[in-house]
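Thanks for coming, everyone. I'd like to walk you through one structure today. Please have a look at it first.

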Amino acid sequence: MNEALLIAGMFIVTFSVRYVLFAVAGRVHFPAWLSTGLGFVPPAVLTAIIMPAVLMPQGQLWVSPTNPWLLASLIAVITAFIRKDLLTTIVVGMLAFSLFRFGFGL
Amino acid sequence: MGGAKATLPLIVGAIPFGIIFGTLAEPSGLSVIGALAMSIIVFAGASQFIVLGLLAAGAALPIIIATTFVVNLRHILYAANLVPKVRHLPQRWRILMAFGLTDETFAAVSSRYLQQDDIRNAHWFYLGSFCAMYGNWVLCTAIGVALGELFPDMTQWGLDFAMSVTFIGMVVPYLKNKPMWACVIVAAAMAIATAGMPHKLGLLLAALSGIAVGLSFQMMLARQSKQDNKNNKDL
């Protein structure tokens, strides 16, 4: 992997997204469907990243009560529903993961 | 300075991610220079994490760039919100502000704009927030890289789970209506179903399916309520 190309490419797409509206400053308006659609981007992308990391942490599908990634994620989801605070969710999730992985040796 | 102060609580939250990004860089196949350069030049936390995952999985360059684009698309919503506040500024200020547009700075400046109507000096507040976030992100990446060198087995500590748990904490607050639930459930199912696809294409496909289903659902509901209103009026 050519890292210079990788970083240049990432910079171009990231900066364009952040700058395009500032550059034209209000002379364009999104159609309603587009701004609604954009609202779904973060949860869809993040979910698509989380699922394989948690359900296939070692490459194969691993749905079992002995999968520490899965167990800790469920605890994190419950925590996030109870307390809407991101930092609490992270701390509780990481503690749960360490407990299952290293405490119980799962 | 006020901007830096207002961003401080958010910066505290960003410290572990900067460090974890630094430690995970080398095991994922990104060099020390590459990791630092990415934080300095790209400056986009979530997508940098995701790129590490893609690199580790051996994804191709075009897939990585396309994924970065989709992951960072949310910033266009922030920019749309800020346009009325930057319209009076010269283009070089807008370029600087666009580069520094992150989740954290957007959150900090939005509350400043809500509290004060006078926006004449707001770009200095923005600059303060941006500099604090930027300095912190680059510094934490460097610390992470150094820690990774010192403790090569740190990757075995399960720090990669920090990313999953962070994203879980970011997704859950979105789950407030049926279209969002539909979007997330479809994206989740598709992510598992397409996990075996070459070049990690599954991630993009799963995300796009989720967006399409959520959007269709939402538009269907909107059309229905419009019709209900009309029927009520006719009665």
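Before anything else, one term: two residues are in contact if their C-beta atoms, placed from the backbone, lie within 7 Å. Keep in mind, too, that this is a predicted model.

Let's start with the two chains together. By that contact rule, 57 residues of chain A meet 70 residues of chain B. Which parts of chain A supply the side that touches chain B? Five helices each give at least two residues: α1 (3-24), α2 (32-39), α3 (41-55), α4 (68-82) and α5 (86-103). The largest share comes from α1(A), with 16 residues. Now sort that side of chain A by class. You get 43 nonpolar, 10 polar and four charged residues.

How confident is the prediction for chain A? The average pLDDT is 89, and 95% of the residues score at least 70. Among the elements of chain A, α4(A) has the highest mean, 96. The lowest is 84, for α2(A).

Look in the loop between α1 and α2 of chain A. Is Pro31(A) buried or exposed? Pro31(A) counts as exposed, because there are 8 C-beta neighbours inside 10 Å, and the cut-off for exposed is 12 or fewer. Pro31(A) and Ala4(A) are 27 residues apart in sequence, and their C-alpha atoms are 36 Å apart in space.

On to chain B. Chain B has 11 helices and zero strands. The C-alpha trace spans about 75 × 50 × 30 Å along its principal axes. Of the 235 residues in chain B, 44% are buried. Take the contacts in chain B with a separation of 6 or more: 75% of them join residues 24 or more positions apart.

Next, an annotation. In an unreviewed entry, UniProt lists "transmembrane region" for residues 6-25, 124-148, 154-172, 179-197 and 203-222 of chain B. Compare two of these with the model. Residues 6-25 of chain B are 100% helix and 0% strand, with end C-alpha atoms 30 Å apart. Residues 179-197 of chain B are 79% helix and 0% strand, and there the end C-alpha atoms are 27 Å apart.

Phe43(B) is not a glycine, yet its phi is positive, about 55°. Phe43(B) lies in the loop between α2 (32-41) and α3 (45-56) of chain B. Phe43(B) counts as buried, because there are 23 C-beta neighbours inside 10 Å.

Last stop: the largest nonpolar core, with 96 residues. Which members touch the most others? They are Ala44(A), Val45(A), Ala48(A), Ala72(A), Cys183(B), Ala187(B) and Ala207(B). Both domain 1 (2-160) and domain 2 (175-230) of chain B give residues to this core, so the core lies between them. Zoom in on Val45(A). Leaving aside neighbours within four places in sequence, Val45(A) is in contact with Val70(B), Val71(B) and Ala207(B).

That's my tour. Thank you.

Terms used
Residues numbered from 1 in each chain as written. Chains lettered and ligands numbered in written order. Predicted model: local features only at pLDDT ≥ 70, side-chain atom pairs only at ≥ 80, totals over all residues. Helix = DSSP H or I, 4+ residues; strand = E, 2+ residues; numbered from the N terminus. Nonpolar A, V, L, I, M, F, W, Y, C, P; charged D, E, K, R; others polar. UniProt positions renumbered as here; feature names shortened; annotations may be inferred. Buried ≥ 20, exposed ≤ 12 C-beta atoms within 10 Å, placed from the backbone. pLDDT = per-residue confidence, 0-100. Core = buried A, V, L, I, M, F, W, Y, C linked by C-beta atoms within 7 Å. Domains from an automatic or database assignment.
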